[in-house]
Amino acid sequence: MKENALYLSTIGRVLDWSRSNSLWYTTANIGCCSDEVLNTLGCRYDLERFGSIPQVDPRQSDLLIITGAVSYKMAPHLRALYDLMPSPKYVLAVGSCANCGGPFAPEISYSTAPGVDRILPVDIYVPGCPPRPEAIMDGLLALQEKIRG
Ligand code: SF4
């Protein structure tokens with residue numbers, strides 16, 4: 001029995017390791033942070049060396065990268081996008097707007113959600129307005145660590 005437990009634990013670790021090194025992502029670029037995300041995805045920072053490849057179809061994505069403030073009108077569409085993704089799935093919130101509403105926070109705008117975590121389960125928050133590409137890359141590496149446990 002103990003041998004089986006050890007075997008399953010090892011399989012789980014291998015699966016987690018392989019998942020963490022093949023995070024295919026789709027993006028929901030709603031705000032101006034999207035320029036920094038696109039910069040991070042480009043050849044200078046080269047996320048593909050970490051096994052992260054862009055996907056247009058959310059049904060083939062493990063990771064959703066969100067930038068910008070999410071309005072309540074937009075929320076159901078974002079949720080529908082997330083629901084299309086197969087499990088296990090992860091969310092990276094990039095920038096102050098996605099994290100907490102930023103300059104469009106509810107005290108200022110009645111139509112903006114105070115963070116995308118009110119709509120989706122966020123795994124990693126990347127702070128900044130806008131965050132630098134290094135910070136976004138750091139967020140991806142933190143997510144890999146989290147998946148590996
Ligand atoms: S955090 Fe700043 S840079 Fe990013 S979307 Fe909001 S206002 Fe734009």
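Author: Let's start with strand E1, where four of the five residues are buried, so this strand is largely enclosed by the rest of the structure. A residue is called buried if 20 or more other C-beta atoms lie within 10 Å of its own, exposed if 12 or fewer do, and partly exposed in between, with the C-beta atoms placed from the backbone. Helices (H or I, at least four residues) and strands (E, at least two) are DSSP runs, numbered from the N terminus. Please keep in mind that this is a predicted model: local features need pLDDT of at least 70, side-chain atom pairs count only at pLDDT 80 or more, and totals for chains, interfaces and linings use all residues. Residues are numbered from 1 along each chain as its sequence is written.

Five bridges join E1 to E2, and the two run parallel; strands count as paired if DSSP finds at least two bridges between them.

Step back and you can see the whole open sheet: four strands in the order E1-E2-E3-E4, with parallel pairing. E1 (25-29) and E4 (124-126) are at the edges with a single partner strand each, so one side of each has no neighbour in the sheet. Neighbouring strands are turned by 20 degrees against each other on average, direction ignored. Helix H5 (residues 133-148) packs on this sheet, touching E3 and E4, and its direction makes about 170 degrees with that of E4. For these angles, axes are lines fitted to C-alpha atoms, for helices over the stretch in contact, and the values run from 0 to 180 degrees between N-to-C directions.

What lies inside? In soluble globular proteins, nonpolar side chains tend to be buried together. Here the largest nonpolar core has 32 residues, and Leu64, Ile65, Ile66, Leu92, Ala93 and Val94 touch the most other members. Such a core is a set of buried Ala, Val, Leu, Ile, Met, Phe, Trp, Tyr and Cys residues joined through C-beta atoms within 7 Å. E1 is among the elements that give two or more residues to this core, together with helix H2 (34-41), E2, E3, helix H4 (96-100), E4 and H5. E3 gives the most, with five residues.

With 24 C-beta neighbours inside 10 Å, Leu92 counts as buried. Leaving out residues up to four places away in sequence, Leu92 touches Leu63, Ile65, Asp123, Ile124, Val126, Gly139, Leu140 and Leu143; contact means that C-beta atoms, placed from the backbone, lie within 7 Å. Leu143 is 51 residues from Leu92 along the chain, yet their C-alpha atoms are separated by 8.1 Å.

Finally, look at some loops. Most residues other than glycine have a negative phi, and most peptide bonds are trans. The bond from Ser87 to Pro88 is cis, with omega near -5 degrees, and Pro88 sits in the loop between helix H3 (75-84) and E3. The bond from Cys129 to Pro130 is also cis, with omega near -10 degrees, and Pro130 is in the loop between E4 and H5.

Technical notes. Contact = placed C-beta atoms within 7 Å.
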